[in-house]
Protein chains: 2
Amino acid sequence: MPQHKEVTIYDIASALNISIATVSRALKNDPVVSKQTKKKIFDLAGKMGYRTNHFARNLRNQKTNTIGIIVHELNSNFITSVLAGVEKVTTEAGYDLIIAHSSESFAKEIANAKNLFHKRVDGLIASLSFDTKNLDHFEPFKEKNVPVVFFDRVEQDGKNTVVVIDNDKSGYQATEHLIQQGCRKIVHITSSLKRNVYSKRFKGYKDALFDYGIPYDENLLIVNDLSESAAIESAMQILKMDPLPDGAFITNDFVAAVVMRTLKENNIKIPADIAMVGFNNDAICTLVEPALSTINYPGIDVGEVAARNLINHLKGIGNLQNTNTIIIRSNLIIRKSSLKNDSFEKNIKIKNQKKNLSKIESK
Amino acid sequence: MPQHKEVTIYDIASALNISIATVSRALKNDPVVSKQTKKKIFDLAGKMGYRTNHFARNLRNQKTNTIGIIVHELNSNFITSVLAGVEKVTTEAGYDLIIAHSSESFAKEIANAKNLFHKRVDGLIASLSFDTKNLDHFEPFKEKNVPVVFFDRVEQDGKNTVVVIDNDKSGYQATEHLIQQGCRKIVHITSSLKRNVYSKRFKGYKDALFDYGIPYDENLLIVNDLSESAAIESAMQILKMDPLPDGAFITNDFVAAVVMRTLKENNIKIPADIAMVGFNNDAICTLVEPALSTINYPGIDVGEVAARNLINHLKGIGNLQNTNTIIIRSNLIIRKSSLKNDSFEKNIKIKNQKKNLSKIESK
DNA sequence: AAAAAAAATGTAAACGGTTACATTTTCATA
DNA sequence: TATGAAAATGTAACCGTTTACATTTTTTTT
């Protein structure tokens with residue numbers, strides 16, 4: 001198999017009998033090179049199939065023009081839209097993007113961080129895996145002054161820049177909505193409370209119960225991973241409760257959908273017997289029956305904001321050091337899975353006039 | 001903001017008073033370096049926070065150890081599992097992976113190809129976008145002898161190595177199953193017939209109709225993109241048919257789910273009025289009601305096989321030149337959305353004894 | 001203890017760009 | 001036409017590795 005030799009600026013220079021410096025400058029469109037020379041160089045470069053050697057350039061320039069992103073999984077609408085948002089901004093700004101996913105494993109997250117560190121990304125965006133224990137693997141970035149922005153699953157210790165929604169409030173809203181629908185025994189299915197997204201939603205859940213005078217019952221808290229089998233187990237656990245709960249706030253739409261299916265298979269009526277609210281506003285919400293009420297978590301905005309802040313920092317505009325927490329708008333979307341009675345529209349409308357917090361999807 | 005100076009092998013060498021050659025060799029674990037020297041070097045490298053400069057190394061080695069993958073979208077179970085399969089193999093083999101997605105746009109696909117080409121990936125894996133017109137943008141890879149493997153959405157012109165399922169057979173099986181359920185007027189909703197996945201499924205559909213003596217009716221073919229709005233339109237088109245069709249073979253699970261929802265909203269009973277079969281076996285299949293029959297398209301296998309062949313080729317084991325088409329096993333999964341009568345189990349069992357083609361999921 | 005072989009280390013030239021600084025060419029002006 | 005400034009181009013060092021080849025050190029053999 002013949003290996004074609006790569007064309008370099010040396011080849012172009014000697015073919016045109018000029019210096020490599022001029023070729024280099026021309027290819028970067030340096031205004032100092034004359035129009036005619038530039039044209040000759042561009043034409044020949046095209047003809048010879050020249051391509052920049054990024055390694056030589058980066059080696060010399062000491063920067064990579066690359067942003068890394070570590071996500072905890074790939075297969076959710078939420079993460080996909082975060083990626084879309086990040087990509088939009090990085091592409092516009094002329095940065096390359098390397099996507100790594102940890103599949104919810106701490107070990108893989110460490111490996112990814114190490115890899116991106118060695119690849120010398122100029123900046124990093126990350127969401128923590130399910131079982132991440134600490135942030136030691138991000139220390140090397142800080143030591144080398146490589147900016148890191150966390151989103152969604154973050155450690156809110158005040159030391160890091162994070163892009164999040166108000167999980168506290170969202171949990172409160174979801175729970176409050178169920179209470180307003182008449183629920184008094186509300187299950188909360190969530191994931192590891194070590195991840196602060198989940199602990200804050202849990203806090204919102206408890207606060208809402210408290211504000212409405214409903215005692216918190218720890219038997220109604222189900223902590224689980226976000227797998228299908230775990231979701232089925234959670235549903236089974238609900239079925240064993242006596243009396244049955246009348247509401248469920250579930251921290252993930254997919255889990256909510258599986259729980260709902262399992263409950264329905266066991267002749268539970270949704271929302272009549274148990275009203276449900278999920279989280280994220282994934283595509284499945286409107287495909288399951290009844291359509292799933294949820295918290296809209298706009299991934300694209302999260303991605304755009306995270307990337308924009310990172311890049312501004314890199315370009316010297318704005319400074320991440322001063323910006324610790326960026327909160328993205330989120331909102332409750334009410335669908336049939338949580339509507340126990342018909343008078344809901346009136347109720348909600350009155351409420352909205354006061355708070356303007358939730359969004360109704362009629363029909 | 002102080003820029004920490006990077007540690008290089010020069011720093012290590014001069015600190016230990018040895019040559020950079022020895023340091024370089026030690027860091028690569030070259031057996032020619034003595035144990036003690038190696039230990040000293042590793043210890044110091046760790047202490048000083050040394051990290052390999054990939055640019056210098058790649059510049060010198062003239063290879064990147066990187067595989068690129070271009071996918072037509074990110075948010076489907078299928079693509080996600082392909083990525084998982086690819087990643088498993090590339091990681092094991094010590095290759096890095098750059099993921100690019102074209103969002104179904106030809107222009108973005110070209111941009112991605114160009115980018116990965118300039119990044120000098122050692123090999124490329126790709127699935128074509130919805131409206132890709134030609135493969136010119138992959139020519140540069142061929143010219144430089146960079147191997148390219150296509151999967152899923154491919155151009156089967158015999159010139160490229162492709163990893164696919166037998167779409168022809170799958171389309172046949174799906175349609176045959178509907179016919180065996182008693183369907184005689186079967187709609188086929190699909191995407192651009194220029195993409196050969198879809199044209200082959202369509203061929204399978206027509207062949208099955210023919211074999212069972214059902215004339216093909218072009219009014220029952222609905223070509224659309226794979227968006228939610230397009231799916232709703234397709235459902236509306238079905239509703240306008242008189243008489244209504246009694247079966248639908250839809251080339252994508254998400255689209256099938258949306259169509260099913262829209263039909264149900266219009267009081268069509270699934271499967272009694274219209275039996276449905278989707279394609280891919282995405283997670284939604286078991287979340288919608290009734291559960292969606294589908295063709296199981298094992299993305300993880302596709303990804304693994306594509307990556308394995310590519311890497312073997314790069315390592316000189318096996319040769320892609322000789323391997324044009326690799327076919328991955330796929331199979332029909334029967335669920336409630338396509339079961340018109342109760343005697344199905346008997347029917348299917350008899351059929352399976354003969355052909356062993358389909359897999360029943362009871363319950 | 002000398003000679004030969006093996007092991008360990010060192011020297012220096014790539015790899016392909018970028019850019020400070022130096023030099024040459026072009027051109028307006030005196 | 002000589003002069004100087006501006007424009008265009010050239011020279012060469014540098015970025016941090018790898019590795020063929022050369023040299024030194026250690027070990028084995030006689």
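## Contacts with DNA strand D

In this predicted model, a polar side-chain atom of B:Asn61 lies 3.4 Å from a sugar or linking oxygen of DNA strand D. Two further contacts involve the bases. An N or O atom in the side chain of A:Arg25 is 2.7 Å from a base nitrogen of DNA strand D. In chain B, a polar backbone atom of B:Ala56 is 3.4 Å from a base nitrogen of DNA strand D.

## The surface near DNA strand D

The protein places 27 residues around DNA strand D, and those that come nearest are A:Ser19, A:Arg25, A:Thr37, B:Ser24 and B:Arg60. Of the atoms of DNA strand D that come within 4 Å of the protein, 64% belong to sugar and phosphate. Sorted by class, the surface near DNA strand D consists of 11 nonpolar, nine polar and seven charged residues.

Helices of both chains contribute to this surface. Chain A provides at least two residues from each of α2 (20-27) and α4 (54-61). Chain B likewise provides at least two residues from each of α1 (9-16), α2 (20-27) and α4 (54-61).

## Extent of the interface between chains A and B

How many residues of each chain are in contact across the interface of chain A and chain B? Contacts join 50 residues of chain A to 51 residues of chain B. The two chains bury about 4800 Å² between them, and carbon and sulfur atoms carry 53% of that area. Within the area that chain A buries against chain B, A:Arg51, A:Phe55 and A:Arg120 supply 17%, more than any other three residues.

## Polar and charged pairs across the interface

The count of salt bridges between chain A and chain B is 10. One of these joins the side chains of A:Glu6 and B:Arg120, with an N to O distance of 3.8 Å. Residue pairs in polar contact across the interface of chain A and chain B number 18, with both residues at pLDDT 80 or more.

On the side of chain A that touches chain B, at least two residues come from each of α4, α5 (77-92), β2 (96-101), α6 (106-118) and α11 (253-265) of chain A. Helix α11(A) gives the most to this side, with six residues. By class, the side of chain A that touches chain B comprises 18 nonpolar, 16 polar and 16 charged residues.

Methods:
Residues numbered from 1 in each chain as written. Chains lettered and ligands numbered in written order. Predicted model: local features only at pLDDT ≥ 70, side-chain atom pairs only at ≥ 80, totals over all residues. Heavy atoms only, no water. Near = heavy atom within 4 Å. Polar contact = N/O pair within 3.5 Å; in protein donor to acceptor, adjacent residues only side chain to side chain. Helix = DSSP H or I, 4+ residues; strand = E, 2+ residues; numbered from the N terminus. Nonpolar A, V, L, I, M, F, W, Y, C, P; charged D, E, K, R; others polar. Contact = heavy atoms within 4.5 Å. Buried area = accessible area lost by both parts, 1.4 Å probe. Salt bridge = Lys/Arg side-chain N within 4 Å of Asp/Glu carboxyl O.
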